[in-house]
Amino acid sequence: MTFDNRFKNRHAVVTGGAAGLGAGIALRIAAEGGTVEVWDIDGQALDHIDIVNITTRQIDVTDADSVAWAMTEAKPDILVCSAGITGPNTVTWDYPIDDWLKVHDLNLNAIFYCCRAAAPIMAEKGWGRIVNIASIAGKEGNPNAPAYSASKAGVIGLTKSLGKELATSGVTCNAIAPAAVRTAIFDQMTQEHIDFMQSKIPMGRFGTVDEIAAMACWLASDEGSFATGACFDQSGGRATY
């Protein structure tokens with residue numbers, strides 16, 4: 001189900017929007033009347049997107065200067081930070097330091113860069129929506145995924161802080177914590193880890209891209225005006241707090 005023209009005259013930036021959750025969210029915002037800039041580091045992955053109100057940009061969101069420049073050009077009303085990686089599945093004491101830094105650079109630092117650049121632009125307009133994709137791993141911690149869990153916990157903390165800072169500005173900032181959604185990111189995980197994640201979900205299934213997009217678009221719309229600094233679970237019953 002979509003809402004005709006819910007995003008009319010709204011311009012969105014969606015990071016990591018060439019595939020997975022980001023693509024689903026971008027497509028739904030466009031279907032509901034918004035214009036969308038999809039930012040992704042993979043230029044080839046952007047080639048398949050051919051929708052009149054979606055444009056694509058090859059942006060490295062781990063580069064703070066590139067983000068600041070591109071955000072100033074885009075001047076978005078809506079920012080959805082969806083770019084992320086899982087990193088390897090291994091115990092903390094064997095976890096490679098280079099991978100730890102790489103996961104945090106994309107999953108947390110890049111979201112900080114995007115939020116830092118977008119917040120004053122939105123505040124000046126007096127209206128804005130920031131939606132950060134976190135994870136249930138950031139609330140509960142998944143074994144054999146220490147970098148991913150820690151980075152997503154950081155996203156939740158950043159979101160809560162920024163939401164309070166912007167509370168009187170007309171700009172909201174919220175996070176979504178999916179349990180697990182079967183997208184291409186599963187290719188980065190071991191089957192053992194995938195099976196573990198599903199076993200923790202009381203509904204016995206993974207979420208869908210459409211389910212996460214529906215929540216993201218509500219938060220990105222006028223309807224989500226009284227929600228800020230919050231983390232919304234999409235966990236099939238897994239979340240305990």
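Two strands count as paired if DSSP finds at least two bridges between them. I kept that cut-off in mind while going through this predicted model.

**Entry 1: β5 and its neighbours**

I started with strand β5 and strand β6, residues 171-178. β5 and β6 are joined by six bridges, in the parallel sense.

Next I took strand β4, residues 78-81. β4 runs parallel to β5, and four bridges join them. Here I noted cysteine 81, whose bridge partner in β5 is asparagine 132.

I then followed the chain from β4 to β5. Helix α3, residues 97-125, belongs to this stretch: β4, α3 and β5 make a β-α-β unit, and the unit is right-handed.

**Entry 2: cover on β5**

Is β5 mostly covered or mostly open? I checked residues 128-133, and six of the six are buried, so β5 is mostly covered, with buried meaning under 20% relative accessible area.

I sorted the residues by direction. Gly128, Ile130 and Asn132 point one way. Arg129, Val131 and Ile133 point the other way. Residues on both sides are buried, Arg129 among them. The general rule is that side chains in a regular strand alternate between the two faces of the sheet.

I moved to helix α6, residues 191-199. Which residues of α6 are buried? I found His193, Ile194 and Met197. These residues cover an arc of only 100° around the axis, so they lie on the same side of α6. As a general point, an α-helix has 3.6 residues a turn, so residues three or four places apart point the same way.

I then turned to the other side of α6. Glu192 and Ser199 are exposed there.

**Entry 3: a surface patch**

I looked for nonpolar side chains on the surface. Leu27, Ile51 and Val52 form a patch there, with about 300 Å² of accessible area together.

Valine 52 sits in the loop between β2 (35-40) and β3 (54-58). Its relative accessibility is 84%, and valine 52 therefore counts as exposed.

**Entry 4: threonine 55**

My last stop was threonine 55, which is in strand β3. With a relative accessible area of 41%, threonine 55 is partly exposed. I also checked its distance to tryptophan 39, which is 16 residues away along the chain.

Technical notes:
Residues numbered from 1 in each chain as written. Predicted model: local features only at pLDDT ≥ 70, side-chain atom pairs only at ≥ 80, totals over all residues. Heavy atoms only, no water. Buried < 20%, exposed > 50% of the residue type's maximum accessible area, 1.4 Å probe, protein only. Helix = DSSP H or I, 4+ residues; strand = E, 2+ residues; numbered from the N terminus. Right-handed = clockwise from strand over helix to strand, strands pointing away. Arc of directions from axis to C-beta. Patch = residues over 30% accessible without salt bridge, like charges linked within 9 Å, V, L, I, M, F, W, Y side chains within 5 Å. Areas by Shrake-Rupley, 256 points an atom, 1.4 Å probe, with all protein chains shown as cover. Salt bridge = Lys/Arg side-chain N within 4 Å of Asp/Glu carboxyl O.
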